[in-house]
Amino acid sequence: MKKLNVCVETAVWYEEDQQLEGLEYIKECGFEGIDYNFGRLYRDTLDQEKLTSFYDKSLEELYEFFAPLKKAMEQTGVEMPQSHGLFPVGFVDDPARTAYGIEVTEKHIALCAYLGCPAIVIHGTTAPQITKEEERQFNLEMYRKLIPAAKKYGVKVCLENLLVLYDCDPYEGTCSSADEACWYMDTLNAEAGEEVFGFCFDVGHAVLTGANLYQYLVTMGKRITVLHIQDNNGMSDGHMLPFTQLERRGWRLRIDWELFIRGLREIGYEGPINFEGARGIRVLPEQLRKAGLTYLSAVGRYFRDRVQQ
């Protein structure tokens with residue numbers, strides 16, 4: 001039976017100039033892999049008027065920048081089974097920025113191959129100013145443009161179940177329905193002629209949009225490639241630690257984790273057990289963050305053991 005890596009996003013604990021120290025630290029906390037966020041360097045440097053960013057460098061220059069991370073992964077044995085690209089990439093009212101986002105994302109796909117990462121999560125666009133059919137066609141066109149790079153570098157592009165917030169209330173976004181997610185993936189993979197597209201199931205997003213975790217997972221089945229595991233209070237996208245958020249009455253957990261475990265077990269999930277719990281770590285005093293991360297990795301091993309029973 002394949003061992004599922006327990007992974008965590010590169011947030012709070014990770015610094016770009018301390019890759020080796022960061023991976024050694026996260027390994028001490030019990031993690032075996034990371035979910036690298038390429039979007040961080042983009043957001044921190046993007047000039048929206050000129051459409052320039054850190055990723056305007058050539059691929060050779062970018063490989064040189066990421067070489068220390070690659071070396072640190074080799075030294076520590078910490079892997080990168082998944083990553084996260086820009087979010088969003090597509091803007092229905094800004095074709096120039098969409099084109100630029102696609103150009104940058106193609107470089108991210110190349111970097112994934114360089115770093116030995118087999119999957120990258122790329123959000124679709126939820127656009128309430130146009131019809132649902134127009135939104136679907138916009139997203140299909142955006143993802144189609146990534147097919148050549150995904151094929152060239154052998155990296156799977158993963159869609160994700162999303163939500164949108166209006167006046168602090170959560171509403172369904174692109175792929176919040178399992179049926180829609182299946183439609184996107186099956187349509188795109190049929191056009192690509194091979195399995196170029198995968199899916200990232202975000203537990204917190206599913207709960208906020210009213211999805212049944214078990215039903216969503218079994219509907220998607222083997223299409224589920226990677227995970228974003230996070231807890232929330234049912235009102236905001238909290239990205240908290242699992243088993244910490246309660247119903248408003250405070251007498252039971254907000255998320256039914258047994259449904260999540262049951263669904264993963266039933267579909268024979270073989271991807272990483274990956275956490276997006278950065279805010280749950282960030283709210284802790286600095287002296288407690290290592291303990292928080294160690295707890296998170298313990299939850300990952302618990303999920304892994306239960307899924308593989």
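Predicted model: local features only at pLDDT ≥ 70, side-chain atom pairs only at ≥ 80, totals over all residues.
Contact here means heavy atoms within 4.5 Å of each other.

**Helix 1 and its surroundings**

Helix 1 spans residues 19-28, and its buried residues are Gln19, Gly22, Leu23 and Ile26. Viewed down the helix axis, these residues fall within an arc of 95°, so they line one face of helix 1. Just after helix 1, Gly30 has a positive phi of about 105°.

Leu69 is found in helix 3. Its relative accessibility is 1%, so Leu69 counts as buried, the cut-off being under 20%. Neighbours within four places in sequence aside, Leu69 is in contact with Tyr14, Gln19, Leu23, Ile34, Tyr36, Met80 and Leu115. Arg43 is 26 residues away from Leu69 along the chain, and the C-alpha atoms of the two are separated by 20 Å.

**Helix 12**

Helix 12 has 19 residues, which at 1.5 Å a residue should span 27 Å; the end C-alpha atoms are 27 Å apart, in agreement with that value. Its buried residues are Gly292, Leu293, Leu296, Ser297, Val299, Gly300, Phe303, Arg304, Arg306 and Val307. These pack against strand 1 and helix 1, and also against helix 10 (257-267), strand 10 (273-275) and helix 11 (278-282).

**A nonpolar surface patch**

Phe243, Leu246, Leu253, Tyr295 and Tyr302 form a nonpolar patch on the surface, and together they have about 400 Å² of accessible area. One of them, Leu253, lies in the loop between strand 9 (224-228) and helix 10. Leu253 counts as partly exposed because its relative accessibility is 34%, which falls between the limits of 20% and 50%.

**Salt bridges**

Side chains of opposite charge can pair when their charged atoms come close. The whole structure holds 12 salt bridges. Three of them are listed below, with the distance between nitrogen and oxygen.

| Salt bridge | N to O distance |
|---|---|
| Glu180 and Lys132 | 3.2 Å |
| Glu141 and Arg144 | 3.2 Å |
| Arg252 and Glu247 | 3.7 Å |

The bridge between Glu180 and Lys132 links distant parts of the chain: Glu180 is in helix 7 (residues 178-192) and Lys132 in helix 5 (residues 132-144), 48 residues apart. With 6% relative accessibility Glu180 counts as buried, whereas Lys132 is partly exposed at 41%.

Glu141 and Arg144 are three residues apart in helix 5, so about one helical turn separates them. Glu141 is partly exposed, with a relative accessible area of 36%, and Arg144 is partly exposed at 26%.

In the pair formed by Arg252 and Glu247, Arg252 is partly exposed with a relative accessible area of 45%, and Glu247 is partly exposed at 23%. Elsewhere, salt bridges that share partners join Lys132, Glu135, Arg136 and Glu180 into one network.

Definitions and conventions: Residues numbered from 1 in each chain as written. Heavy atoms only, no water. Buried < 20%, exposed > 50% of the residue type's maximum accessible area, 1.4 Å probe, protein only. Helix = DSSP H or I, 4+ residues; strand = E, 2+ residues; numbered from the N terminus. Arc of directions from axis to C-beta. Expected span 1.5 Å × (residues − 1). Patch = residues over 30% accessible without salt bridge, like charges linked within 9 Å, V, L, I, M, F, W, Y side chains within 5 Å. Areas by Shrake-Rupley, 256 points an atom, 1.4 Å probe, with all protein chains shown as cover. Salt bridge = Lys/Arg side-chain N within 4 Å of Asp/Glu carboxyl O.
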